[in-house]
Amino acid sequence: MRVTKIELFKANLPLKRPFRIAIGETRATETMFVRVSTDAGLSGMGEADCFRPVVGENQATAVAAGMEYARLLLGKDPVAINSRVAELRQFMPATPTARSAFDMALHDIAAQAAGMPLYAFLGGEKRSFQTDITVGLDTPEIMAAHAREIADRGLQAIKIKLGTQAAEDIARMRAIRAEIGDAIALRIDANQGWDRAAAMTVLDAIAPLGIEYCEQPVRAWDHAGMAAISARSPIPIMADESLFDDHDAFTLAAGGACQYLNIKLAKSGGLNTAMRINAVAEAAGFRCMVGCMTETRLALTAAAHLVSSRPNIAFADLDGADMLADDPVIGGMVYGENGAITLPDTPGLGAGLDPDFLNSLEHITLDEGVTA
């Protein structure tokens, strides 16, 4: 099988409400969709949702990288995923989000060729799991009201964005717990917003509120700070922005920097590296979560297949599509009651984009005859 054509599509997708975290705010997501076609009549889809404060990429850089990646892939075997992903990473290592779209598309093609849903192609089995829903940064009152909306939908877990002044963050958490009661699990994410002292002040103060874990309390580079906090925090620590690939996973685990690892396809460059991260974590005795950006159900379906295929992945934070004003995806994972996620059983990813939506997008086509 050979890759004969690659199409890149640019989309700007508005959110239902502004989404603010400690390192930035977004009102619309900048996305690049990728479609890889082959001489066997199979095509695969992928998505690159660019959140610049974390990955250093935006739509323009993703498209530029995508054109270079496409030229590397044309004429080659898409099913030889290890070789293809290694070539892409070696050629342009600092564009993991753009690379993740191609990785998804290659896995989609390979699983279709095998006649298997992606979770089965990855060696797993279909299992049930639930996502949380996230409350973005705002005043304690507004965040508590948003948490109440989520609780009323029957969710079993809510993720709370923090990472500003310690007193403000403590007030936020107390207001939220008072509003929703004790039955729902709370998870927090500081997105690198605290220093070491502020992190311990907040973690000590809110521990009685029953917090499942805290993501990325300090800057991504501060592994020593993460380790110091992890050693004495009453709340387990999860690495997020500190973790891009399997080498980061090894360093974090060896240094005792955290108790959990948050894998995101947009950070890791896709499923290929994500599975390597989980393998390192499992060998080190760490459990993982699969998280997301504000992606559509296309990318989230790939992430959900990963969760289903790896029992070591204990948590799912796959609420990105729930934040979008519109849903352009056909098929794919489905949000159910209580945050339950259901996967399709069709071969491959099992998700695609509405043709009318796709045709409305600005796009670039590269093939073996004429390239952009």
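## The parallel sheet

In what order do the eight strands of the open parallel sheet stand? In this predicted model, the order is 5-6-7-8-9-10-11-12, and the pairing is parallel. Strand 5 (133-135) and strand 12 (313-316) are the edge strands, and each of them pairs on one side only. From one strand to the next, the twist averages 30°.

Strand 7 and strand 8 (residues 211-215) run parallel and are joined by three bridges. Leu-186 stands opposite Ile-211, a residue of strand 8. Strand 7 itself covers 185-189.

## Helices on the parallel sheet

Helix 6 (residues 140-152) packs on this sheet, where it touches strand 5 and strand 6 (157-161). The direction of helix 6 makes about 165° with that of strand 5.

Helix 7 (residues 166-180) lies across strand 6, strand 7 and strand 8. Helix 7 runs at about 160° to strand 7.

Another open sheet is formed by four strands in the order 3-2-1-17, with antiparallel pairing. Its edge strands are strand 3 (43-50) and strand 17 (362-367), each pairing on one side only. On average, and with direction ignored, neighbouring strands of this sheet are turned by 20° against each other.

Strand 1 (residues 3-21) and strand 2 (residues 24-38) pair over 14 bridges in the antiparallel sense. For Lys-10, the bridge partner in strand 2 is Met-32. Helix 2 (residues 59-73) packs on the sheet and touches strand 1, strand 2, strand 3 and strand 17. The direction of helix 2 makes about 160° with that of strand 1.

## Helix 3 and helix 4

Helix 3 (residues 81-91) and helix 4 (residues 96-114) pack with their axes 11 Å apart, at an angle of about 170°. Helix 3 is therefore roughly antiparallel to helix 4, because angles over 145 degrees count as roughly antiparallel.

Which residues of the two helices meet? From helix 3 come Ile-81, Arg-84, Val-85, Leu-88 and Arg-89. From helix 4 come Arg-99, Phe-102, Asp-103, Leu-106, His-107 and Ala-110. The residues of this contact between helix 3 and helix 4 divide into six nonpolar, one polar and four charged.

## Helix 8 and helix 9

Helix 8 (residues 196-206) packs with helix 9 (residues 223-232) at an angle of about 25°, and their axes are 10 Å apart. Angles under 35 degrees count as roughly parallel, so helix 8 and helix 9 are roughly parallel to each other. The crossing in which helix 8 passes helix 9 is right-handed.

Helix 8 contributes Arg-196, Ala-199, Met-200, Leu-203 and Asp-204 to the contact, while helix 9 contributes Ala-224, Gly-225, Ile-229 and Arg-232. The residues in the contact of helix 8 with helix 9 divide into five nonpolar, one polar and three charged.

## A methionine in a loop

Met-333 has its place in the loop between strand 13 (329-331) and strand 14 (334-335). Is Met-333 buried or exposed? Met-333 counts as buried because its relative accessibility is 0%, and buried means under 20%.

Leaving aside residues up to four places away in sequence, Met-333 touches Arg-297, Leu-300, Thr-301, Ala-304, Leu-318, Ile-341, Thr-342, Leu-343 and Pro-344. Met-333 and Ala-299 are 34 residues apart in sequence, and the C-alpha to C-alpha separation in space is 9.8 Å.

## Two asparagines with positive phi

Asn-191 is not a glycine, yet it has a positive phi of about 50°. Asn-191 is found in the loop between strand 7 and helix 8. With a relative accessibility of 2%, Asn-191 counts as buried.

Asn-338 is not a glycine either and has a positive phi of about 60°. The loop that holds Asn-338 lies between strand 14 and strand 15 (340-342).

Conventions. Residues numbered from 1 in each chain as written. Predicted model: local features only at pLDDT ≥ 70, side-chain atom pairs only at ≥ 80, totals over all residues. Heavy atoms only, no water. Axes fitted to C-alpha atoms, helices over the stretch in contact; angles between N-to-C directions. Parallel < 35°, antiparallel > 145°, perpendicular 65-115°, else oblique. Left-handed = near helix turned anticlockwise from the far one by under 90°. Contact = heavy atoms within 4.5 Å. Nonpolar A, V, L, I, M, F, W, Y, C, P; charged D, E, K, R; others polar. Pairing = 2+ DSSP bridges. Buried < 20%, exposed > 50% of the residue type's maximum accessible area, 1.4 Å probe, protein only.
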